Amino acid sequence: MEIRFQTKDESNKQQQEEFLKLSKAERFYSFLRLSERISQFPVKNRIEKNKDNFVIIIKPK
């Protein structure tokens, strides 16, 4: 592990440069991995949108 002392702007610039070095496919897969990690991030209150709703099903004749 490496510890670096830098400003936020320097850190952001470095991250952007490293990301842009990746191929288009690698960028896409990196995005998918990030999306998966974010979806697993714990949250306090997860709202269930359809909790108090009801569904009307009209069967075709």
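Predicted model: local features only at pLDDT ≥ 70, side-chain atom pairs only at ≥ 80, totals over all residues.
Biologist: How many helices and strands does the protein have?

Modeller: Helices (H or I, at least four residues) and strands (E, at least two) are DSSP runs numbered from the N terminus, and here there are two helices and zero strands.

Biologist: What radius of gyration does the protein have, against that of a compact globule?

Modeller: The radius is taken over C-alpha atoms, and the globule rule is 2.2 Å times the number of residues to the power 0.38. For 61 residues a compact globule would come near 10 Å, but the protein has 21 Å, and its C-alpha atoms fill a box of roughly 65 × 30 × 20 Å along the principal axes.

Biologist: Which residues form the salt bridge, and are they buried or exposed?

Modeller: A salt bridge is a side-chain nitrogen of Lys or Arg within 4 Å of a carboxyl oxygen of Asp or Glu; the whole structure has one, in which Arg4 pairs with Glu2 at 3.0 Å between the closest N and O atoms. Buried means under 20% relative accessible area, exposed over 50%, and partly exposed in between (1.4 Å probe, protein chains only); Arg4 is therefore partly exposed at 43%, and Glu2 is exposed at 58%.

Biologist: What share of the residues is buried?

Modeller: Buried residues make up 2% of the 61.

Conventions
Residues numbered from 1 in each chain as written. Heavy atoms only, no water.
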